[in-house]
Structures are given as C-alpha cells and as structure tokens.
Amino acid sequence: EDTPCRRQQCCKMAKRTKEKVTATAYKVLFFCVCAWSAWCILALHLSEIGTKVENTASNVEEWHTRSTAVVRDDDDDVKEEQKQHQQRLVVHVGPHKTGTTTIQRYLNKLEKKGVLRNYKWHYIGLSACMKRAIMNGADCKIQQWDDIKQLWRKGFSVVVSMEMFDYAAALSDDEAKDNISHLWNSLPTPGPVMVETVVMYRTPRNKHLVSAWKQHMASNGQNMPWRESLLSAEERKGRKKILMSTMPSFAEWLCDGTWPGFAKYHTDRIFAAQINPFGIANTYHEQGGANVTMVDMAGAENRDIAGAVVCDILRLPCTAEKTLVDFPDFERPTDQNKRDEPMTLGMSDEDMTEMENIIRQMDCYYYCRVKDDINVLYAKDQIFGDNDSDNDINVLYAKDQIFGDNDSDND
C-alpha cells in the first residue's frame with residue numbers, strides 16, 4: 001500500500017540496495033585492476049625471461065664461434081672443414097731430466113712461428129713469477145697478462161711448461177695446496193677452468209736419478225731450492241779447479257748429500273720431487289684438483305717426447321710419424337741437455353740394481369694411490385700392467401724373505 005510508512009521502507013531498501021551495488025562495483029573494479037596489474041607484471045617477467053633466453057642463446061652461439069678452430073679445407077689429410085676446439089689449460093710439470101728442455105724449445109718454436117696460433121693455442125714458457133708461486137706461494141701475475149687474457153677470451157687454449165713445478169711434491173699437503181692455488185691464480189684464465197697436468201715417467205729409474213746427479217754437479221749456481229751453497233759466487237769462481245777435484249761420486253753424493261767445501265744438497269727434496277713422477281701426479285690431483293696425464297717415455301720413444309706432447313696432449317692434427325699435417329716440413333728439436341756418462345759412479349752393478357728396485361717400490365706406493373685417477377699414454381713399463389689384483393704390485397718386486405714362497409697364488 002502506498003502509505004508514508006511503506007514509502008519510507010522502500011526508500012531505505014533502495015538505499016541499501018544502492019550501497020550493495022556500489023560496493024559490488026568497487027569490488028569488481030578492484031578485481032579488474034588487480035588482474036590487469038598481475039597480467040602486466042607477468043608480461044614484464046615473461047619479457048625478461050625471453051630476453052635472458054635470447055641472450056643465453058646468443059652467448060652460446062658466441063662461445064661456439066670462439067671455440068671453433070678453423071682448419072684448412074684444402075688439405076686431403078683433414079676430413080672435416082672445421083674441428084671443435086674445446087678451450088683447455090694444459091700445464092706440463094716435469095719432472096726434471098725427462099726431456100723438458102726439448103719440449104719447451106719445440107713449443108717455443110711453434111709459438112714464435114705462429115703455428116700454435118693457427119690452432120688457437122698459446123704457449124707460456126719459463127716464468128719467474130710462476131716459479132715464485134710454486135716455491136713460496138707468492139702472489140703474482142705473469143708477463144703479458146692482459147694480452148694472454150684477451151687471447152683466452154677469444155677462445156684460445158693455453159699450454160704451460162716448467163719443470164720447476166715438480167717442487168710441489170716436496171711440500172707438505174697444506175703448503176702444496178696453497179702454492180698450487182697461487183700458481184693457478186698467476187695464470188690469466190677468467191672463470192673456473194679444469195687444469196690438465198702432464199707428467200713424464202722415465203725409465204730405467206736409476207738412470208733418472210743418475211741424470212739428476214749429473215745435472216746438479218754441472219750447475220755452478222745455487223740451484224735453489226735443491227741445495228744450499230757453502231761458498232759465495234766469487235769464491236766458487238775462484239776455486240773452480242779445486243772444486244772440480246772434490247766433486248763427489250754418485251755414491252758419495254747419495255750418502256752424504258754434499259759437495260765438500262761447495263754445497264749441501266737437499267737430497268730428500270730431490271727424491272720427493274725430481275725422481276717421483278707418481279708423487280707429483282698425486283700432489284697435483286689431490287691438492288691442485290687437476291686432471292693428470294702420465295706419459296711413459298719408454299713407450300713414446302719412437303715417437304719422440306716433444307711430438308707426443310704436441311700431437312697427443314694438445315691434439316694438433318699430426319701424421320703417424322708425429323709430423324704436423326699443415327706443417328710437414330717443420331723441423332722438431334733434438335734431445336737437449338744430454339750429458340756425458342761419468343767415468344765411475346762409485347757403485348757396483350748390484351748396487352744399481354738394488355737402487356732400481358728401491359725407486360720402483362716408491363713408484364709402486366704412489367701409483368697405487370693415483371692409478372684410478374690418471375690417464376696413461378704409451379704405457380709400456382711393467383708398473384702399468386694388469387693391476388686389477390691388489391697383490392700384483394707386491395709380486396712384482398718381491399725379493400726379501402718376508403714375502404716367503406712366491407709360488408703360491410696368494411703372493
């Protein structure tokens with residue numbers, strides 16, 4: 001009924017309805033604004049993701065471009081127009097008296113002639129900075145740091161060779177870890193990179209030690225850290241003839257570790273590093289986190305050591321005779337630092353045989369620790385034989401009565 005009271009009630013209801021409609025409208029509008037904002041944020045995020053994906057794809061494409069070494073396509077011996085060049089850091093760590101000078105001269109010659117550059121490799125030779133790093137844990141940057149860094153960024157691989165790196169094996173584990181870290185940091189390779197170390201294994205083992213002795217006797221300098229000089233440089237120069245007459249024999253040097261009136265030798269360091277290739281491998285793998293390749297020099301004899309490094313370590317395209325495919329007339333260096341045989345070692349043949357066994361027992365100890373973690377090239381020596389059984393190496397050198405009857409299968 002159309003009464004004042006009824007009209008008042010209808011007005012109140014209409015007002016409440018209007019308020020509900022307005023509130024609902026505001027809610028719908030708020031929802032629309034939120035939805036639109038969320039969509040904008042999502043669209044912006046998707047756009048950023050797309051940009052990142054596009055940049056990543058671009059970076060990958062750039063990396064592939066930088067990492068591809070172009071190979072001459074006019075050579076019949078090269079089957080592919082391009083070979084993938086994976087960027088690598090190879091460090092040849094010796095040890096001393098294993099053809100290191102020959103290897104270094106060959107790499108240096110290839111670098112100077114631009115041959116390595118043709119395959120996107122760069123060679124870093126002897127470096128006082130790296131020597132300080134491995135000996136003393138010194139912070140330093142090698143010469144031409146910026147130039148080499150730019151080459152690395154362009155996709156070049158780097159090879160380093162220095163026999164002084166074997167010194168790490170004469171250090172404690174903590175010292176070796178710290179010094180090797182400084183060595184890696186001295187190299188201009190931006191970002192993390194897996195280091196590949198190369199170690200030579202020379203046999204007969206006693207010949208390796210004799211060669212080290214001759215090297216130390218031939219050196220007139222302090223030759224640190226392998227010895228301490230008892231005379232100054234001037235005194236050594238003035239007494240050269242007298243000193244030569246007092247030069248110790250191989251046996252005397254081993255027993256006393258001295259050159260009377262001249263120098264005191266750290267024969268423990270020499271054994272731990274220069275005559276201990278498997279110890280070096282173990283040190284660089286365990287303390288330096290590096291991959292290790294051992295080269296059995298006896299197995300590589302007919303291929304020559306320098307050619308083995310260039311062709312089989314750096315993997316440059318070579319013929320079966322270890323001649324570079326693109327540079328067949330490039331002359332390789334001959335063996336360097338070969339010294340005349342001494343008149344006498346002061347040891348009998350039996351002594352030399354026992355020394356061979358002693359050094360091989362040291363080899364055996366370290367080889368058992370690293371044999372599952374290293375690669376071996378040209379394996380020929382008996383130590384690289386079938387080592388599936390833990391007893392194989394023990395049988396190899398069993399001589400003392402403590403090993404008993406070796407006819408048993410359990411020996």
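## Sheet

In which sense do strand β10 and β11 pair, and over how many bridges? Strand β10 (residues 291–296) pairs with β11 in the parallel sense, over 4 bridges; pairing requires at least two DSSP bridges between two strands. Within β11, isoleucine 374 stands opposite valine 292. Helices (H or I, at least four residues) and strands (E, at least two) are DSSP runs numbered from the N terminus.

The open sheet consists of 6 strands in the order β4-β5-β3-β6-β10-β11, with parallel pairing. Its edge strands, β4 (121–124) and β11 (374–377), each pair on one side only. Neighbouring strands are turned by 20° against each other on average, direction ignored.

## Basis of the model

The model is predicted: local features need pLDDT of at least 70 and side-chain atom pairs pLDDT 80 or more, while totals for chains, interfaces and linings use all residues. Residues are numbered from 1 along each chain as its sequence is written, and side-chain values use heavy atoms, without hydrogens and water.

## Helix packing

Helix α12 (residues 277–286) packs against helix α14 (residues 349–370) at about 30°, with axes 8 Å apart. Because of this angle, α12 is roughly parallel to α14 (under 35 degrees). Axes are lines fitted to C-alpha atoms, for helices over the stretch in contact, and angles run from 0 to 180 degrees between N-to-C directions.

In α12, Pro277, Phe278, Gly279, Ala281 and Asn282 meet Asp363, Tyr366, Tyr367, Arg369 and Val370 of α14 (contact: heavy atoms within 4.5 Å). Helix α12 also lies across β6 (195–201), β10 and β11, running at about 170° to β6.

Notes:
Angles under 35 degrees count as roughly parallel, over 145 as roughly antiparallel, 65 to 115 as roughly perpendicular and the rest as oblique.
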